[in-house]
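Please read them alongside the coordinates.

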Amino acid sequence: MIETGEILQTMRMIQEENFDIRTITLGINLLDCADHDPLVCAERVYDKICRTAQNLVSTGEALELELGIPIVNKRISVTPVSLICQGDPRPIAQALDRAAKETGVNFIGGYSALMQKGATLADERLLSSIPEVLSTTERLCSSVNVASTRAGINMNAVREMGEIIKETALRTAAQDGLGCAKLVVFANAVEDNPFMAGAFCGIGEPESVINVGVSGPGVVKKALEACKGAPFDTVAETIKRTAFKITRVGQLVAREASQRLGIPFGIVDLSLAPTPARGDSVAHILSEMGLEMAGAPGTTAALALLNDAVKKGGVMASNHVGGLSGAFIPVSEDIGMIEAATAGALHLEKLEAMTCVCSVGLDMIAIPGDTSAATISGIIADEAAIGMVNNKTTAVRVIPAVGKKAGDTVEFGGLLGFAPVIPVNPFKCDDFIARGGRIPAPLHSLRN
Amino acid sequence: MLDKPLHLAYILSRHRILFALGGMLMTKALISVTGLDTTGIIARVATKLADMNINILDITQTILDGYFTMMMVVDLDGAQLGFADIDKELQTVRDELKMSIHMQRMDIFDAMHRI
């Protein structure tokens with residue numbers, strides 16, 4: 001029999017501690033929509049998505065009511081578009097955006113290319129279309145994989161992406177560079193990530209699949225408030241137990257959604273994903289652990305403990321854990337990170353160190369509008385190297401704030417939040433980036 | 001002669017297994033009622049549930065400083081209405097009593113608090 005105390009604990013988590021299911025993401029395979037005529041391909045894409053996802057939003061809403069937990073987002077991820085597009089990819093982008101609006105999801109991810117070793121013609125066409133596409137669509141998200149532990153780093157793609165990020169920012173300057181908030185550059189991208197903007201449905205996935213992302217930084221922080229002064233063993237154990245409970249609900253929702261939609265269950269991503277709302281911050285967990293502010297010495301260690309404890313607790317709670325599964329540190333989406341960056345406690349270099357021990361990279365960071373494309377490429381190269389050498393996923397989602405400099409603020413609204421523009425090291429790397437070619441895969445990638 | 005008690009015990013044990021199975025397969029929901037204490041809360045809610053053929057399995061209730069809190073575990077299997085419709089029916093009780101009535105399936109509590 002469930003006890004009253006347990007019931008009240010669950011209800012408190014939901015009502016007071018911002019516990020929610022962050023997303024149900026439906027992955028849809030679009031390989032069978034390929035056609036040499038882009039308009040035919042676009043129509044097939046539109047039809048397949050509308051057909052497959054027609055009940056996604058209503059199912060999410062029904063589950064929300066029945067289980068009594070908010071299911072904040074319903075989203076769709078598709079096969080990387082460069083794999084299905086044999087001509088101009090732009091009609092496909094428009095079809096994806098239309099399908100998102102028709103099905104009622106708030107984001108659709110997968111306008112993507114996987115080019116860790118080199119670019120196909122389709123990859124190149126997709127890349128050059130990104131700035132236009134992200135400024136003329138509303139709900140489409142794009143990602144490019146430029147490195148992997150097995151393949152090394154494609155420095156040609158790294159150079160190109162610096163330019164593309166810059167151009168996308170210019171084209172969406174009126175909305176503070178919002179286009180760049182929908183674009184992620186990856187190293188070791190995963191095929192089953194349910195979170196945007198980096199979600200796509202990898203080619204190892206089935207015909208369609210349900211992946212769920214949970215979220216509960218507020219719940220973890222609250223649990224830690226009971227261990228003030230306690231040694232790290234207790235801190236780790238408390239986070240583990242909390243992560244278990246959080247992930248268990250994700251598993252329940254995923255199974256239910258899968259059953260009702262008749263679509264196989266893929267994974268639960270047990271990541272702690274913050275929102276700009278107060279009480280929903282990963283940075284505040286780090287503060288609760290004893291740091292004056294995120295960015296102070298000890299931050300990397302604290303994040304390492306958090307990231308690991310979340311995984312250990314969550315893995316017991318679900319039979320299929322995947323996606324990114326760790327702690328997220330998006331600056332504009334976390335009120336604690338915003339405060340730390342504004343106060344000058346958190347710098348780009350510290351964020352880079354933190355990406356070595358958590359599950360995403362440099363995420364939702366506003367940089368000065370006059371940052372050069374080469375410098376952006378340098379930032380990407382650094383993140384790619386961290387991911388490649390450490391056999392983990394890293395990413396870059398930076399937003400050049402056109403016309404703004406360090407200390408100003410950019411405003412995206414909603415879950416994308418707002419952020420201070422943080423300074424970037426002004427010394428140049430133009431000659432470094434101009435070289436191009438491939439940085440070879442590290443020795444330890446030869447595991448056979 | 002010796003067979004009879006054994007035979008009975010066998011039948012009883014089969015029934016116990018079925019009861020236990022029935023317990024596991026039951027669709028249980030938690031209904032929490034909160035608000036300012038007034039006369040007839042339990043009667044009103046219980047009558048509504050009985051009208052919908054919803055059996056009450058467990059109740060816990062307390063009044064703190066005039067504030068009423070009640071949690072009921074109910075069995076939804078007998079109800080003809082779907083979850084959303086049951087929730088709508090409870091709306092009339094919410095309006096009459098001016099109380100907060102929240103219903104959710106028990107699965108979420110089982111998932112979180114049991115291995």
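1. Burial in chain B. Of the 115 residues in chain B, 21% count as buried. Bear in mind that this is a predicted model.

2. Fold of chain B. Four helices and four strands make up its secondary structure. Along the sequence of chain B, the order is α-β-α-β-β-α-β-α. Take the contacts in chain B between residues at least 6 apart in sequence: 69% of them join residues at least 24 apart.

3. Main nonpolar core. The largest nonpolar core holds 173 residues. A:L96, A:V146 and A:V253 have the most contacts inside it. Helix 8 of chain A, residues 232-261, gives the most to this core, with 11 residues. Domain 1 (23-187) and domain 2 (211-440) of chain A each supply at least three residues to the core.

4. Surroundings of A:V146. Which residues does A:V146 contact, leaving aside its neighbours within four places in sequence? The list includes A:M115, A:Q116, A:I153, A:N154, A:A157, A:V158 and A:M161. A:V185, A:F186 and A:A187 are also in contact with A:V146.

5. Strand 1 of chain A. This strand spans residues 20-28, and nine of its nine residues are buried. Strand 1 runs antiparallel to strand 7 of chain A (residues 208-215), joined by eight bridges. Within that pairing, A:I21 stands opposite A:V214. With strand 2 of chain A (residues 71-78), strand 1 pairs in the parallel sense, over seven bridges. There, A:T23 has A:N73 as its bridge partner.

Definitions and conventions. Residues numbered from 1 in each chain as written. Chains lettered and ligands numbered in written order. Predicted model: local features only at pLDDT ≥ 70, side-chain atom pairs only at ≥ 80, totals over all residues. Core = buried A, V, L, I, M, F, W, Y, C linked by C-beta atoms within 7 Å. Buried ≥ 20, exposed ≤ 12 C-beta atoms within 10 Å, placed from the backbone. Helix = DSSP H or I, 4+ residues; strand = E, 2+ residues; numbered from the N terminus. Domains from an automatic or database assignment. Contact = placed C-beta atoms within 7 Å. Pairing = 2+ DSSP bridges.
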